[in-house]
Amino acid sequence: MNFLIYIGATVLLILGAFFAYKKLSFFTGKLFWQTAVFIILSLFFGRVLNIYAIIPFWDKILHFLSGFILFSAGEEVFRSLGAAEKKHLIFFSFLFASASAGIWEIYEFSLDNLFGFNSQNASLPDSMLDMIFGNLSAIICAAKKAKCPH
């Protein structure tokens, strides 16, 4: 039964991302595909194929990947606002990714406490490591973007 729920959730979330791609100016094709791949890795691979149990650090890999995706999303949001200065783009994109990582952990905390889930493995270190991994990849994006001539 959980198998069908996760398959359904995967499909619905990808459809939601596709809707965002079609309706939101900052949600580019690149961002759609990054989001779709992330959803497949987390829900289908993680839950349906049980990769979370097979690879104990799968969650950390996903949080690391999320920093790249969220930095990219921050870039697109920044550009849609009409701003163009590179140092502001980098700063905004990093803060966007960092804030999103924190908001995601609040979401997991809320699910765990309201519905009895175990998203955070009942530990503060898990949440902190999740945010560290998300921020680390956002820092890598910022450094790479700072070195890029355009």
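Mentor: Helices are DSSP runs (H or I, at least four residues), numbered from the N terminus. The model is predicted, with local features needing pLDDT of at least 70 and side-chain atom pairs pLDDT 80 or more, while totals for chains, interfaces and linings use all residues. Residues are numbered from 1 along each chain as its sequence is written, and side-chain values use heavy atoms, without hydrogens or water.

Trainee: Thanks! Why are H4 and H6 called oblique to each other?

Mentor: Their axes come within 7 Å and cross at roughly 50 degrees. Angles under 35 degrees count as roughly parallel, over 145 as roughly antiparallel, 65 to 115 as roughly perpendicular, and the rest as oblique. A crossing of roughly 50 degrees belongs to the rest, so H4 and H6 are oblique.

Trainee: Which residues in H4 and H6 meet?

Mentor: Contact means heavy atoms within 4.5 Å. On the H4 side the residues include Asp-59, Lys-60, Phe-64, Phe-68 and Phe-71, and on the H6 side they include Asp-126, Leu-129, Asp-130 and Phe-133. By class, this contact has 10 nonpolar, five polar and seven charged residues. Asp, Glu, Lys and Arg count as charged, Ala, Val, Leu, Ile, Met, Phe, Trp, Tyr, Cys and Pro as nonpolar, and the others, Gly among them, as polar.

Trainee: What makes the pair Asp-130 and Lys-60 a salt bridge?

Mentor: The general idea is that side chains of opposite charge can pair when their charged atoms come close. The cut-off is a side-chain nitrogen of Lys or Arg within 4 Å of a carboxyl oxygen of Asp or Glu. For Asp-130 and Lys-60 the closest N and O atoms are 2.6 Å apart, so the pair qualifies. Asp-130 lies in helix H6 (residues 124-147) and Lys-60 in helix H4, so this bridge ties together parts that are 70 residues apart in sequence.

Trainee: How many salt bridges does the structure hold?

Mentor: Seven. One of them joins Glu-85 to Lys-87, with the closest N and O atoms 3.6 Å apart.

Trainee: How do you know what to call Glu-85 and Lys-87, buried or exposed?

Mentor: Glu-85 has 43% relative accessibility, so it falls in between and counts as partly exposed. Lys-87, at 57%, is over the limit and is therefore exposed.

Trainee: Why is H2 called roughly antiparallel to H4?

Mentor: Helix H2 (residues 29-48) and helix H4 (residues 58-80) pack at an angle of about 165 degrees, with axes 10 Å apart. That angle is over 145, which makes the pair roughly antiparallel. Their crossing is left-handed. Among the residues in contact are Leu-31, Phe-38 and Phe-45 of H2 and Trp-58, Leu-62 and Ile-69 of H4. This contact has nine nonpolar, six polar and one charged residues.

Trainee: What about helix H5 and H6, at what angle do they cross?

Mentor: The axes of helix H5 (residues 86-115) and H6 come within 9 Å and cross at roughly 165 degrees, so they are roughly antiparallel too. H5 passes H6 in a right-handed crossing. Phe-94, Ala-97 and Ala-101 in H5 are among the residues that meet H6, whose partners include Asp-130, Met-131 and Ala-138. The classes are 10 nonpolar, four polar and six charged.

Methods: Axes fitted to C-alpha atoms, helices over the stretch in contact; angles between N-to-C directions. Helix = DSSP H or I, 4+ residues; strand = E, 2+ residues; numbered from the N terminus. Left-handed = near helix turned anticlockwise from the far one by under 90°. Buried < 20%, exposed > 50% of the residue type's maximum accessible area, 1.4 Å probe, protein only.
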